[in-house]
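Trainee: I am new to this structure and would like a close look at a single part of it, namely how the strands pair with one another. Could you take me through that part, and then carry on to the ligand?

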Amino acid sequence: MRIIACKDYAEMSCAAANILAAQIYLKPQAVLGLATGSTPVGLYKELIAKHEAGVLSFAQVRTVNLDEYKGLAPTHDQSYRYFMQHNLFDHIDIRPENTNVPDGLAADAEAECGRYDALRETLGRTDIQLLGLGRNGHIGFNEPGPVFVKPTHVVDLTPSTIDANARFFASQADVPRQAITMGIGYIMQARQILVVASGSDKAEAVYQMICGAVDPQVPASILQLHPNVTLVADEAALSKAVEAGVSVCG
Ligand code: GLP
């Protein structure tokens with residue numbers, strides 16, 4: 001795992017955006033695996049700025065998002081489809097039909113999971129998968145559990161995740177209790193994985209991801225088995241790992 005240490009959130013966002021942009025320069029029709037949450041917002045802003053400056057086009061890019069809350073319409077302001085439209089897609093030249101987010105309103109959620117996994121065949125391997133990190137080490141909405149779940153699946157969110165994500169909803173009771181998430185299989189097939197982490201509340205998860213045992217109780221620990229992972233994190237998120245002696249490049 002290559003670890004890039006950044007001073008703060010702004011530097012992390014720039015560094016991570018440069019890696020994603022480089023992938024698009026190298027392969028204009030790249031398949032990007034995209035993530036939501038507050039951490040990638042800054043890097044999406046950087047990508048929009050590059051597009052507005054006329055140096056980055058998404059005209060041929062295809063995207064596949066990690067997850068969606070079950071029960072939220074795409075127009076709900078806390079749905080991940082809405083997040084992607086407002087934080088990225090509406091500001092770049094991507095074709096709407098080239099963007100994929102699970103359908104949180106699918107009448108048959110299991111069939112929706114199957115449809116999502118079949119995208120792997122249609123789109124081909126993901127060139128670069130962007131991941132944020134839950135405080136409990138979750139990736140996408142793959143929560144801690146007894147096993148790593150490979151396919152796209154419906155997941156019951158843990159109290160830790162409901163609590164962490166309540167800040168975006170009117171009250172904790174409004175946070176959906178379930179989500180549809182890409183499984184570990186789809187995530188791990190990506191050619192390259194880019195993890196972003198910021199802030200001291202991610203320090204334990206970052207430490208466990210890098211230094212802990214590969215254990216489904218810390219889903220991100222599976223990334224130790226991927227041959228091409230880059231973590232871009234700020235000093236606060238890296239604090240515990242650095243204390244433990246992990247070497248980073250600046
Ligand atoms: C949600 C998303 C994850 C994201 C996590 C962390 O649970 N499903 O993909 O990584 O939140 O979000 P944040 O970046 O806001 O800390």
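Mentor: Strand β7 (residues 153-156) pairs with β8 in the antiparallel sense over four bridges, where strands are DSSP runs of E with at least two residues, numbered from the N terminus, and two strands pair if DSSP finds at least two bridges between them. The model is a predicted one, in which local features need pLDDT of at least 70 and side-chain atom pairs count only at pLDDT 80 or more, while totals for chains, interfaces and linings use all residues. Residues are numbered from 1 along each chain as its sequence is written, and side-chain values use heavy atoms, with hydrogens and water left out.

Within this pairing, valine 155 has alanine 179 in β8 as its bridge partner. Strand β8 (residues 178-181) is also joined to strand β4 (residues 67-69), by three bridges and again running antiparallel, and here tyrosine 69 stands opposite alanine 179.

Elsewhere, seven strands form an open sheet with parallel pairing, in the order β1-β10-β9-β6-β2-β3-β5. Its edge strands are β1 (2-6) and β5 (99-100), each of which pairs on one side only. Strand β3 (residues 62-65) pairs with β5 in the parallel sense over two bridges, and asparagine 100 in β5 is the bridge partner of valine 64.

Turning to the ligand, 14 residues surround it, and the closest are Ser38, Thr39, Asp67, His138 and Lys202; a residue is near a molecule if one of its heavy atoms lies within 4 Å of it. The shell around the ligand divides into three nonpolar, eight polar and three charged residues, with Ala, Val, Leu, Ile, Met, Phe, Trp, Tyr, Cys and Pro counted as nonpolar, Asp, Glu, Lys and Arg as charged, and the others, Gly among them, as polar.

Polar contacts are pairs of N or O atoms within 3.5 Å. A nitrogen atom of the ligand lies 3.1 Å from a polar backbone atom of glycine 140, an oxygen atom of the ligand is 3.3 Å from a polar backbone atom of leucine 133, and an oxygen atom of the ligand is 3.4 Å from an N or O atom in the side chain of asparagine 165. Of the 390 Å² of accessible area that the ligand has on its own, the protein covers 95%, by the Shrake-Rupley method with a 1.4 Å probe.

How values were computed. Polar contact = N/O pair within 3.5 Å; in protein donor to acceptor, adjacent residues only side chain to side chain.
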